[in-house]
Amino acid sequence: MANKKQDLIDQRLQDLNNDGVDRRGFLKCMAWAGTGLVWTLSGGVPVSRAFAQGAGEHAAKGADFTFVQISDSHIGFSKPANPDVTATLQTAINKINTMPHKPDFLIHTGDLSQLSKPTEFDTLDQVLRGASPKQTYFVPGEHDMLTDNGEQYLQRYGKGTKGAGWYSFDHKGVHFVGLVNVVNLKAGGLGSLGHEQLEWLEDDLKGRSASTPIVLFAHIPLWTIYPDWGWGTDDSEQALSYVKRFGSVTVLNGHIHQVMQKIEGKVSFHTAMSTAFPQPAPGSAPSAGPMKVPADQLQRVLGITDVNYLVSGSSLAIIDSPLDSSSSPMSGNGGGTDMAAMASGGASTDSATEVKIDNFAFTPGAISIKRGTQVTWINHDDIPHTVDSAQGKFKSAALDTDQKFEFRFAEPGEYPYYCRMHPKMTGNIIVQS
Ligand SMILES: [Cu+2]
């Protein structure tokens with residue numbers, strides 16, 4: 001059975017590697033691993049081509065400035081998909097430090113930590129202190145919002161920002177906007193920017209010349225990649241409507257731990273690799289989550305994104321570099337990937353009072369219980385989840401692997417709930433009278 005699933009994943013990878021276009025012909029290019037892409041915006045016509053060795057240096061030559069995006073470092077994660085995420089972040093920083101061109105700054109697009117623990121943020125800070133660019137611009141991921149609704153994140157990384165941590169700045173003629181789409185997520189929904197932030201964004205962009213290059217960055221993709229896994233943002237259309245009049249817009253996101261790109265008019269969308277662990281391609285596995293690859297393959301599916309800006313010619317090049325690019329990219333060769341998320345137990349005879357969290361789902365998803373029953377949720381995933389009442393009646397802490405949450409239902413009624421980190425995960429409890 002595992003082989004069937006493996007075959008499916010391999011096939012999917014192969015399809016994507018072959019034509020780089022998904023079934024809907026929607027994506028211009030999707031580089032799964034070990035490949036990079038140079039984009040050139042020339043006279044408003046975007047041209048993309050796969051880049052060969054050395055293209056990175058070529059693109060950087062003559063660039064007005066460059067910066068590097070890193071993402072999803074998940075400091076604190078220690079599961080089999082990558083037992084040492086601090087080491088791979090360090091490798092990423094080393095790679096940045098030895099680039100032939102020195103980036104002006106770094107952008108970190110969120111999930112700095114795994115569980116928002118002070119020690120995790122401390123470790124991240126310590127590694128980043130060794131980076132040659134001294135400035136890093138951050139936006140939070142849902143993993144940075146745990147325990148305190150992001151207060152600690154704001155104290156550490158959000159000084160001078162608005163709301164939950166959004167802000168803008170200018171660099172050598174380019175206007176950068178950091179957006180936050182991981183707070184106040186609603187049951188069943190996707191990432192969300194919210195009314196207040198959208199108002200601010202509209203105001204922030206107002207009055208800027210249409211010739212100003214714009215870079216938007218946020219954790220969850222600002223385009224709908226795969227809604228079943230929550231890979232999109234509910235109100236991103238509204239945000240994008242404010243940048244329509246600009247001649248060059250670049251949108252940089254993380255969250256999905258793999259490279260995807262799309263060009264729509266003057267807007268280039270791009271997601272970055274993680275420095276911690278890969279995730280499956282959309283729909284190629286039962287759920288999102290850390291994907292275990294053979295140890296010698298890991299650094300080919302982790303990486304950084306080098307963005308080269310030629311302001312004068314309104315030209316940009318985005319180059320994804322895996323941490324290890326020493327040999328050919330990983331391909332679906334049968335001996336390859338192994339879904340960590342699949343290693344879950346099969347059907348068993350649970351009592352109705354226990355709900356498992358497996359593969360980003362509550363199982364069983366809906367239960368009917370007698371009043372007074374205590375329900376226990378247990379997280380079997382390698383990723384933390386929460387159990388939040390949609391009506392505000394109960395709310396768990398972030399549950400790491402094997403951690404539990406219990407709640408006794410004293411009153412009859414219906415109790416829909418969801419995971420506040422992954423709002424597509426929903427469940428329902430019906431308490432009989
Ligand atoms: Cu979750």
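Aromatic rings in a predicted model

Student: Which residue lies over the face of F269?
Tutor: This is a predicted model, in which local features need pLDDT of at least 70 and side-chain atom pairs count only at pLDDT 80 or more, while totals for chains, interfaces and linings use all residues. Residues are numbered from 1 along each chain as its sequence is written, and side-chain values use heavy atoms, leaving out hydrogens and water. A charge sits over a ring if NZ of Lys or CZ of Arg is within 6 Å of the ring centre and within 35 degrees of the ring normal. At 4.8 Å from the ring centre of F269, the residue is K262.

Student: How many aromatic pairs are there?
Tutor: Rings of Phe, Tyr and Trp (its six-membered ring) pair if their centres lie within 6.5 Å; planes under 30 degrees apart count as stacked, over 60 as edge-to-face and the rest as tilted. By this rule, the count is 32.

Student: Why is the pair of F105 and Y137 classed as it is?
Tutor: The ring centres of F105 and Y137 are 5.2 Å apart. Their planes stand at 85°, so the pair is edge-to-face.

Student: Is Y153 buried or exposed?
Tutor: Buried means under 20% relative accessible area, exposed over 50%, and partly exposed in between (1.4 Å probe, protein chains only). The relative accessibility of Y153 is 0%, so Y153 counts as buried.

Student: What is the relative accessible area of Y157?
Tutor: Y157 forms a tilted aromatic pair with Y153, at 5.5 Å centre to centre and 40° between the planes. Y157 is buried, and its relative accessible area is 11%.
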